[in-house]
Amino acid sequence: MLFASMSFGRVTGNFKVNGDSDKFYPVTFQDGAWNDNVPTKLWLGRSNIHTDSSWLGALVSKFTYHVSVGGHGANFISGDIMQSSVIFIAGWKDVSSYNNDKKIVIWLKGGGITYYYNSNFEVNPVVYDGVTNSLPYNEPDIRDSKGVNHNFKVIIDEYVNTQGISYGNNAYFNGLGTNSFAGKVGIGTTDTKGFNLAVNGKIRTQEIRVENANWPDFVFEKSYSLPTLKETEKYIKDKGHLPGIPSAEEVKTNGIDLGEMNAKLLQKIEELTLHLINQNKEIIELRQGVKQQDIKINLILKKLNNHN
């Protein structure tokens, strides 16, 4: 059932979404502020975690939106969601692109859950949960008399920030101070895989500085055991890659740590440098030996010529 009232220019009420608790059902809301040239502001919440059932979950959320209504433009939907125990909101959509209905749809968790709303204009929520109203919700479309059907969801849409802001447009922070992000940041992805920054795509920058406390100057210490070229050759034949360097398969699976890999490559360069220094010493010694041999041979030849 739907209950609504108006007080001091604000509209308040509540409604219940039935159906199954593992599904999110479409609920339509009017863009009541559209003709007043301002966005509609809709608060959806349930402050008491025990509403409908013990520890069922709490929700405080705000949606600010302005719909397209057949392509007028300037349309957007921004959501700000805080919730506990369970996830209540699976997604939202402007469903006015090819009609004059001035509506959005928000998919809300079912299972007999009561939602309370507060808005600056009339929003007239309509629930499509197979109980209150039949499924699916049909979005009118002037291009097709059959319209577009919207059924329940079982997976949270990727654009939904379940604990924070999902902004419907681009953001510019033009202040010259420090902008701090205490949590993890994903660009082009919502899955950072535990890293503080994850980028799904290319990065262009003028400089990258990586801190590394384990720089491999230890290679030049007297105690360092320099692998022989024969040992390195055997390792390459057995493993198919340099010792201490990850294989192609490992890199494909796990990627590389830029700082660690630079350190490993420098270690190999330092080892090669030591081998080159040693080989250069051997070459100098061989040249000196050859020179001494030439002197001895010339002396012998000289003696033979004098004897003849």
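Reader: Leaving aside its neighbours within four places in sequence, which residues is K103 in contact with?
Author: This is a predicted model. K103 lies in strand β8, residues 103-109. Beyond the neighbours within four places in sequence, the residues in contact with K103 are T28, F29, Q30, V67, D94, V95, S96 and Y137.

Reader: K103 has no salt bridge; how far away is the nearest side chain of opposite charge?
Author: K103 is buried. A salt bridge needs a side-chain nitrogen of Lys or Arg within 4 Å of a carboxyl oxygen of Asp or Glu. For K103 the nearest side chain of opposite charge is D101, and the distance is 4.5 Å.

Reader: In what order do the 4 strands of the open sheet with β8 and β3 stand?
Author: The pairing in this sheet is antiparallel. Its edge strands are β7 (89-94) and β10 (126-127), each of which pairs on one side only. The order is β7-β8-β3-β10.

Reader: How many bridges join β5 to β6?
Author: Strand β5 spans residues 58-66 and strand β6 spans residues 76-84; the two run antiparallel. L59 stands opposite Q83 in β6. The number of bridges joining β5 to β6 is 9.

Reader: Which residue of β13 stands opposite I81?
Author: β6 also pairs with strand β13, residues 164-166, in the antiparallel sense. That pairing has 3 bridges. The residue of β13 opposite I81 is G164.

Reader: Is G188 buried or exposed?
Author: G188 is in the loop between β14 (185-187) and β15. The cut-off for exposed is over 50% relative accessible area. Because the relative accessible area of G188 is 56%, G188 is exposed.

Reader: What separates the C-alpha atoms of G188 and N200?
Author: G188 and N200 are 12 residues apart along the chain.

Reader: How far apart in space are G201 and N212, C-alpha to C-alpha?
Author: G201 lies in the loop between β15 (197-199) and α1 (229-239). G201 counts as exposed because its relative accessibility is 52%. G201 and N212 are 11 residues apart in sequence, and their C-alpha distance is 25 Å.

Reader: Which residues make the nonpolar surface patch of about 360 Å²?
Author: One of them, I300, is in helix α3, residues 258-307. The patch is made by I297, I300, L301 and L304.

Technical notes. Residues numbered from 1 in each chain as written. Predicted model: local features only at pLDDT ≥ 70, side-chain atom pairs only at ≥ 80, totals over all residues. Heavy atoms only, no water. Patch = residues over 30% accessible without salt bridge, like charges linked within 9 Å, V, L, I, M, F, W, Y side chains within 5 Å. Areas by Shrake-Rupley, 256 points an atom, 1.4 Å probe, with all protein chains shown as cover. Pairing = 2+ DSSP bridges. Buried < 20%, exposed > 50% of the residue type's maximum accessible area, 1.4 Å probe, protein only. Lys, Arg positive; Asp, Glu negative; His and termini not counted. Contact = heavy atoms within 4.5 Å.
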